Amino acid sequence: MPGDAAESLVARTRLAEEIAEELKKEMAPKGSLGLPPLLDARRLKYGIPNGAFKQHMAFDWVMLWQIPSFEADDGTYGDTGLYLPDTGRAKKAEEAPRAILVSAGIAALDNLRSNGIDLGHIVGFVKHAPFRKPVELLRGHELYAIICRDGDLVDSEDLAEAVTRGEVSIQRQSFPQPNGSVVEKHVFIDKGGKQWEPKIPWIADDY
């Protein structure tokens, strides 16, 4: 690596480490933001800044905090989810369609929870759907969350784990209609026997 490029990489690495340390110092203590336990735990694990919790999404909009596609080689610093800036690794991380569900509007929560997805879940999203919103400023550098609609989410790793553990099952149920007919639908059923019927969120025609 040429000398100038090596020096630039060292400088960027040092800056990223400094920002990560400052972010860790400024993060609110565990349990202090009144968040659901899973979201609070993930906030601390992935270094989601306090600023991401200073607004509540409206309608069917959701806020996501992007994380690496794979945990084993994430290129982050310390216990935060901060990426080394301006490198090929950072570009790859910014393209990762994987995130923590941080906030959701009321309409979005109805749709997501009816599909077994909730705040704090690790979710996948449509790669080209979101736009970015600055939620925190540290050492002159903006930290961004992703804003998209509930229909831009495509999966939940936490739901998959719940199904694998047997905490949730998917069953086909019969629903009698007022006209005497019967409609067959798939529903989720938890271990306590509670049943919920998935709702379909808005999805763009070109997906």
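Is Phe 188 buried or exposed? Select Phe 188 to begin: at 8% relative accessibility this residue counts as buried, where buried means under 20% relative accessible area, exposed over 50%, and partly exposed in between, with a 1.4 Å probe and protein chains only. The model on screen is predicted, so that local features need pLDDT of at least 70 and side-chain atom pairs count only at pLDDT 80 or more, while totals for chains, interfaces and linings use all residues. Residues are numbered from 1 along each chain as its sequence is written, and side-chain values use heavy atoms, with hydrogens and water left out.

**Aromatic pairs**

A search of the whole structure finds two aromatic pairs, a pair being rings of Phe, Tyr or Trp (its six-membered ring) whose centres lie within 6.5 Å, called stacked if the planes are under 30 degrees apart, edge-to-face if over 60, and tilted for the rest. Select Trp 61 together with Phe 131, which form an edge-to-face pair at 6.2 Å centre to centre with 70° between the planes. This pair links distant parts of the chain, since Trp 61 belongs to strand β1 and Phe 131 to strand β4 (residues 131-138), 70 residues apart; helices (H or I, at least four residues) and strands (E, at least two) are DSSP runs, numbered from the N terminus.

Together, Phe 59, Trp 61 and Phe 131 make a nonpolar surface patch of about 350 Å². Patches are made of residues with over 30% relative accessible area and no salt bridge, with like charges joined within 9 Å and nonpolar side chains (Val, Leu, Ile, Met, Phe, Trp, Tyr) within 5 Å; the areas come from the Shrake-Rupley method with a 1.4 Å probe, and for residues only the protein chains shown count as cover. Phe 59 is found in the loop between α2 (37-46) and β1 (61-66), and at 65% relative accessibility Phe 59 counts as exposed. Now show Arg 149, whose charged end sits over the ring of Trp 61, 5.5 Å from the ring centre; the criterion is NZ of Lys or CZ of Arg within 6 Å of the ring centre and within 35 degrees of the ring normal.

**Salt bridges**

The count comes to nine salt bridges, each a side-chain nitrogen of Lys or Arg within 4 Å of a carboxyl oxygen of Asp or Glu. Select Glu 157 and Arg 98, whose side chains meet in a salt bridge of 2.6 Å, N to O. Here Glu 157 lies in helix α5 (residues 157-164) and Arg 98 in strand β2 (residues 98-104), 59 residues apart. Arg 98 is buried at 9%, whereas Glu 157 is partly exposed at 29%.

Move on to Lys 185, which forms a salt bridge with Glu 197, the closest N and O atoms being 2.6 Å apart. Because Glu 197 lies in the segment after β9 (195-196) and Lys 185 in strand β8, the pair ties together parts that are twelve residues apart in sequence. The charged end of Lys 185 also sits over the ring of Phe 175, 5.9 Å from its centre.

End the tour at Glu 161, Arg 165 and Glu 167, which are linked in a network of salt bridges.
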